[in-house]
Amino acid sequence: MIFSKTLLRRRSVLPGFDLSLGLTLFYLCLIVLIPLSAAFLRTMDLTWPQFVDAVASPRVVASYKLTFGASLLAAIVNGVFGLLVAWVLVRYDFFGRRIVDALVDLPFALPTAVAGITLTGLYAANGWIGKHLEPLGVKVAFTPIGVFVAMTFIGLPFVVRTVQPILEDLASELEEAAATLGASRWQTFAQVIFPTLMPALLTGFALAFARALGEYGSIIFIAGNMPMVSEITPLLIITKLEQYDYAGATAIAVVMLVMSFLMLLAINGLQAWARARQGK
């Protein structure tokens with residue numbers, strides 16, 4: 001047994017643990033930790049009152065509320081409809097299913113500027129959809145609703161592609177056993193299927209939420225970018241940079257990083273809880 005393990009180690013084409021770990025840490029530091037650390041170090045140029053003034057002004061707070069609120073709402077909507085889309089693609093065979101499946105990935109491949117211009121053209125007052133909504137008193141383009149629409153558009157594929165493989169691997173015997181025991185379709189979904197999908201659904205939700213937080217290109221066209229109304233935080237950071245206020249821009253970026261990290265940490269905790277519950 002010892003000889004076979006030693007022989008397996010020698011024949012491995014992958015580098016050893018020490019080298020792999022070193023390369024991994026070096027790559028993470030180079031790509032992730034050093035840039036993030038630079039943002040924190042840049043804010044050290046500000047005194048505490050200057051930092052508070054930079055990150056807590058009324059205009060900045062309004063951008064926080066819009067960015068995080070719209071991102072959270074878009075992620076929730078994508079969680080519901082992403083699960084529905086994944087369910088239809090996996091459980092039903094219909095004409096054009098492959099086309100629909102390919103269209104799900106369109107926000108991945110579409111340049112964000114093109115997506116923003118397209119959404120603006122659709123939901124503007126003279127657009128195909130907007131001209132029917134305007135008489136009803138619903139204005140989408142150049143309002144916070146437009147921000148929500150753009151975030152929903154770019155976040156849907158994350159939920160679908162995260163849930164879809166789990167649905168495909170879900171054993172049909174579990175549903176058959178539940179039906180044999182007298183469970184209704186709703187009981188089977190709520191007590192057998194949904195708990196299995198919960199960790200993947202939370203992962204898709206987290207990815208869609210994080211993607212919406214950092215989105216810029218597809219939003220600035222449809223948002224209108226009015227301060228205190230439809231101005232997102234990434235645009236405010238760009239505005240600070242254009243004004244050569246680098247410390248103020250990095251201060252806002254640090255707040256975004258900390259808040260995003262805390263929310264993603266909470267979601268990862270929910271994922272761990274769901275997996276532990278599923279294991280029991």
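In the predicted model, Val-149 is in contact with Leu-119, Tyr-123 and Val-140, when its neighbours within four places in sequence are left aside. Val-149 is found in helix 9. With a relative accessible area of 16%, Val-149 is buried, because the value falls under the 20% limit for that class. The C-alpha atom of Val-149 is separated by 8.8 Å from that of Ile-219, which is 70 residues apart from Val-149 along the chain.

Helix 9, comprising residues 144–169, packs with helix 11, comprising residues 185–214. The angle of packing is about 155° and the axes are 8 Å apart. Helix 9 is therefore roughly antiparallel to helix 11, angles over 145 degrees being counted as such. The crossing of the two helices is right-handed. On the side of helix 9, the residues that meet helix 11 include Met-151, Ile-154, Phe-158 and Ile-166. Those of helix 11 include Leu-197, Leu-201, Phe-205 and Arg-211. By class, the contact of helix 9 with helix 11 has 14 nonpolar, five polar and one charged residues.

An unreviewed UniProt entry lists residues 21–41, 68–90, 102–124, 136–160, 192–213, 219–239 and 246–267 under "transmembrane region". Two of these listed spans were examined in the model. Over residues 68–90, the chain is 100% helix and 0% strand, and the end C-alpha atoms are 32 Å apart. Residues 136–160 are 68% helix and 0% strand, with end C-alpha atoms that lie 32 Å apart.

Conventions: Residues are numbered from 1 along each chain as its sequence is written. This is a predicted model: local features need pLDDT of at least 70, side-chain atom pairs count only at pLDDT 80 or more; totals for chains, interfaces and linings use all residues. Side-chain values use heavy atoms; hydrogens and water are left out. Axes are lines fitted to C-alpha atoms, for helices over the stretch in contact, and angles run from 0 to 180 degrees between N-to-C directions. Helices (H or I, at least four residues) and strands (E, at least two) are DSSP runs, numbered from the N terminus. Angles under 35 degrees count as roughly parallel, over 145 as roughly antiparallel, 65 to 115 as roughly perpendicular and the rest as oblique. A crossing is left-handed if the near helix is turned anticlockwise from the far one by less than a right angle, and right-handed if clockwise. Contact means heavy atoms within 4.5 Å. Ala, Val, Leu, Ile, Met, Phe, Trp, Tyr, Cys and Pro count as nonpolar, Asp, Glu, Lys and Arg as charged, and the others, Gly among them, as polar. UniProt positions are given in the numbering used here, feature names are shortened, and annotations may be inferred rather than shown by experiment. Buried means under 20% relative accessible area, exposed over 50%, partly exposed in between (1.4 Å probe, protein chains only).
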